[in-house]
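Please open the model in your viewer and keep the selection tool at hand. The stops below state what to select next and what is found there.

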Amino acid sequence: MGKFVEMDHPLIQHKLTMIRNKNVGTKDFRALVDEIAMLMTYEASRDLQLEDVVVETPVATTTKKQLAGKKLAVVPILRAGLGMVDGIVQLIPAAKIGHIGMYRDEQTLEPVEYFIKLPEDIDQRDVLLVDPMLATGGSAKDAILALKKRGAKHIKLITLVSAPEGVEAVQQAHPDVDIYTGSLDEKLNEHGYIVPGLGDAGDRLFGTM
């Protein structure tokens with residue numbers, strides 16, 4: 001089973017509490033989501049591989065560590081996932097960015113891909129799949145499947161807030177995927193919203209409430 005990590009870093013918890021507040025406006029909500037995404041990536045990238053490199057300082061020549069050149073891709077699930085991309089790319093500017101947009105056909109309940117654009121070498125990259133909310137897990141499961149169909153092998157799902165139902169659904173469907181979340185909330189309500197949650201992240205990010 002992949003790792004499930006609920007991040008307890010004080011800064012992440014503090015900023016998550018701020019965006020839960022229904023009175024926080026679009027500008028501040030967007031800035032805080034950026035900051036939380038950056039902090040979460042700092043934690044989620046803890047297992048990146050290092051290699052030795054010789055560097056000459058003003059004082060001496062020494063052997064120290066640098067990233068081992070593993071390629072990364074950030075893939076937001078449209079549309080709300082877009083709000084997390086800038087914060088991650090500030091921390092990892094060399095990462096390539098893909099996009100996944102899909103919905104479920106109301107008749108067949110099958111996922112329909114309306115937009116997918118990924119780096120050509122996605123099969124050689126560690127993928128950070130990002131979406132602020134992990135509610136039922138349907139979108140995340142479908143997006144992970146779409147990535148795997150295109151050759152992605154190493155996928156981490158990063159979410160701000162998750163419901164237990166969504167975590168379980170993703171773990172059952174994709175036990176090889178690590179999940180990093182800022183908070184494991186109480187439950188889903190009858191409308192499929194995370195409780196206590198933070199409302200509709202897409203609407204709050206883009207001011208479309």
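Select alanine 201, which touches Phe29, Ala80, Pro132 and Met133, not counting residues up to four places away in sequence; contact here means heavy atoms within 4.5 Å. The model is predicted, so local features need pLDDT of at least 70 and side-chain atom pairs count only at pLDDT 80 or more, while totals for chains, interfaces and linings use all residues. Residues are numbered from 1 along each chain as its sequence is written, and side-chain values use heavy atoms, with hydrogens and water left out.

Alanine 201 belongs to helix H6 (residues 201-206). Helices (H or I, at least four residues) and strands (E, at least two) are DSSP runs numbered from the N terminus. Is alanine 201 buried or exposed? With 3% relative accessibility, alanine 201 is buried. Buried stands for under 20% relative accessible area, exposed for over 50%, and partly exposed for values in between (1.4 Å probe, protein chains only).

Next, centre the view on isoleucine 194, in strand S13 (residues 194-195). Isoleucine 194 has a relative accessible area of 7% and is therefore buried. Among the residues that isoleucine 194 touches are Met133, Leu134, Val161 and Asp185.

Move to helix H2 (residues 26-44). At 1.5 Å a residue, its 19 residues should span 27 Å, and the end C-alpha atoms are 26 Å apart, which agrees. The expected span is 1.5 Å times one less than the number of residues. The buried residues of H2 include Phe29, Leu32, Ile36 and Met40. The partners against which the buried residues of H2 pack include H1, helix H3 (82-91), strand S8 (125-130) and H6.

Within H2, pick methionine 40. Methionine 40 is buried, at a relative accessible area of 0%. Its contacts include Met7, Ile12, Ile158 and Tyr180.

Lysine 15 counts as buried because its relative accessibility is 17%. Which side chain does lysine 15 join through a polar contact of 2.7 Å? The partner is glutamate 35. A polar contact is a pair of N or O atoms within 3.5 Å; within protein, one must be able to donate a hydrogen and the other to accept it, and residues adjacent in sequence count only if both atoms are side-chain atoms.

Since 6 of its 6 residues are buried, S8 is largely enclosed by the rest of the structure. Arg125, Val127 and Leu129 lie on one side, with Asp126, Leu128 and Val130 on the other. Strand S4 (residues 71-76) runs parallel to S8 and is joined to it by 6 bridges; S10 also pairs with S8 in the parallel sense, over 5 bridges. Two strands pair if DSSP finds at least two bridges between them. Finish at aspartate 126, the bridge partner of leucine 72, which also stands opposite histidine 154 in S10.
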